[in-house]
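Here is a short tour of one protein model. Keep the sequence and the 3D view open as you read.

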Amino acid sequence: MAIEQMTMPQLGESVTEGTISKWLVAPGDKVNKYDPIAEVMTDKVNAEVPSSFTGTITELVGEEGQTLQVGEIICKIETEGADPSEKKQEQPEAPEADETPVAESRPEADDQPNKKRYSPAVLRLAGEHGIDLDQVTGTGAGGRITRKDIQRIIETGGGVQERTEEPKTAAPAQESAPQPEPKEEVSYPASAAGDREIPVTAVRKAIASNMKRSKTEIPHAWTMMEVDVTNMVAYRNSVKDSFKKTEGFNLTFFAFFVKAVAQALKEFPQMNSMWAGDKIIQKKDINISIAVATEDSLFVPVIKNADEKTIKGIAREITDLAKKVRDGKLSADDMQGGTFTVNNTGSFGSVQSMGIINYPQAAILQVESIVKRPVVMEHGMIAVRDMVNLCLSLDHRVLDGLVCGRFLGRVKQILESIDEKTSVY
């Protein structure tokens, strides 16, 4: 018999935390391995978390509505005669978000070999609250200082002295951990009489955090081209009714745009890249993220290997993914692996916009509304044509105007060549 610890899983790329929206079990309940035990919400997905063990729930560490970092303990399970393959080494504390120790003092007593070891997350939290880590006794494995140790001190309002500036002396400075940057003071507006205060959900907090990170870290630039899609519109309108009757789902204009982008990405692989500090990663697979909005949230599911799919195949995936978002059944796998984002801003009537890049991708394409406009044709003739603006936001660390212009020009060329001879199958 042993007590096993369930930790917050990582439910998507770049996901660092999750919010327990609902417990599906209670202390004393018996569960089998893979049984769902909780519903967890992140900025990318709502998902059920399965049990990693067979046994009895002894404690629900996380509360409903509580946001926990990936790796933090959410509950404890008592197992009996567990399969060795299910067992894992027991640890008094869950691993921190970043396990790399950033500071280590002189060797301590044998019973606390990890005293004065802590992760960057612990260092940052201690710095924000003026806590001297040299005076903290860790409760983690081997005396390791954990996030919970710091949070306990913050909640009690004492227990250690605040860090003060050391007097300057002629003696050589001792080596110490780098100090965190001072926390920026943010001033928020106050509510007035009659104002309505709307609590910020975990999903909205995560969206705000990701958007801020993208705009802060990525040097955005953007460019736009207008495309004559008159022939594409006529072709799609001529086959949409028979397509719906035969296939059972709609053939949308958006499917044509996604297919054109996927084809152009294959010809311009630089666009299918990500910034990775000291290198640029050019992705092999072409996985198109598409933005799907609900009343209060934005989700970005992924069409995998879009370059290998027909227009019909892409239309089916758009329909299926949108339904999953509306029904709250989007899985973690549906959200992972995106390499380039196409956003259908035209569905809201927008004609020109600059998208915020979906981190860590290098570009996002906004497909605006198709509108009828008078256009000067060859020989000075004026005709009413179906026109659309394509607005490309790019990460200027990874991409330059030349390759982006050529890529966007190729998308334009593909779209303008679509006519009644084009097959959607």
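Which residue in β7 does E17 stand opposite? E17 faces Q69 of β7. Strands here are DSSP runs of E with at least two residues, helices are runs of H or I with at least four, and both are numbered from the N terminus.

This is a predicted model, in which local features need pLDDT of at least 70, side-chain atom pairs count only at pLDDT 80 or more, and totals for chains, interfaces and linings use all residues. Residues are numbered from 1 along each chain as its sequence is written, and side-chain values use heavy atoms, with hydrogens and water left out.

## Two open sheets

Strands of a sheet pair through backbone hydrogen bonds, either parallel or antiparallel. Two strands count as paired if DSSP finds at least two bridges between them.

Strand β2 covers residues 17-23 and pairs with β7 in the antiparallel sense over three bridges.

Another open sheet of four strands runs in the order β1-β8-β6-β3, again with antiparallel pairing. At its edges stand β1 (2-7) and β3 (30-31); each has a single partner strand, so one side of each is left without a neighbour in the sheet. β1 and β8 (residues 73-79) pair in the antiparallel sense over six bridges. In this pair, E4 stands opposite I77 of β8.

Now turn to the helices. Axes are lines fitted to C-alpha atoms, for helices over the stretch in contact, and angles run from 0 to 180 degrees between N-to-C directions.

| Pair | Axis distance | Angle |
|---|---|---|
| α4 (residues 230-247) and α5 (residues 253-267) | within 10 Å | roughly 125° |
| α5 and α8 (residues 401-416) | 9 Å | about 135° |
| α5 and α6 (residues 311-327) | within 9 Å | roughly 120° |

Angles under 35 degrees count as roughly parallel, over 145 as roughly antiparallel, 65 to 115 as roughly perpendicular and the rest as oblique. The helices cross at roughly 125°, and α4 and α5 are therefore oblique to each other. With α8, the angle is about 135°. That makes α5 oblique to α8.

A crossing is right-handed if the near helix is turned clockwise from the far one by less than a right angle, and left-handed if anticlockwise. α4 passes α5 in a right-handed crossing. The crossing of α5 with α8 is right-handed, and so is that of α5 with α6.

Which residues touch? Contact means heavy atoms within 4.5 Å. In the classes below, Ala, Val, Leu, Ile, Met, Phe, Trp, Tyr, Cys and Pro count as nonpolar, Asp, Glu, Lys and Arg as charged, and the others, Gly among them, as polar.

From α4, M232, V233, Y235, R236 and N237 meet F253, F256 and F257 of α5. This contact has six nonpolar, one polar and one charged residues.

Toward α8, α5 uses F256, F257, A260, V261, Q263, A264, L265 and E267, which meet F407, R410, V411, I414 and L415. By class, that gives 10 nonpolar, one polar and two charged residues.

On α6, I311, I314, A315 and I318 meet F254, A255, F256, V258 and K259 of α5. Here the residues divide into eight nonpolar, no polar and one charged.

## Aromatic pairs

Rings of Phe, Tyr and Trp (its six-membered ring) pair if their centres lie within 6.5 Å; planes under 30 degrees apart count as stacked, over 60 as edge-to-face and the rest as tilted. The whole structure holds four aromatic pairs. One of them is Y235 with F256, edge-to-face, at 6.3 Å centre to centre and 85° between the planes. Y235 lies in α4 and F256 in α5, so the pair ties together parts that are 21 residues apart in sequence.

## Backbone details in loops

A cis peptide bond joins Y359 and P360, with omega about 5°. P360 sits in the loop between β16 (340-343) and β17 (363-367). N305 is not a glycine, yet has a positive phi of about 50°. Its loop lies between β15 (302-303) and α6.
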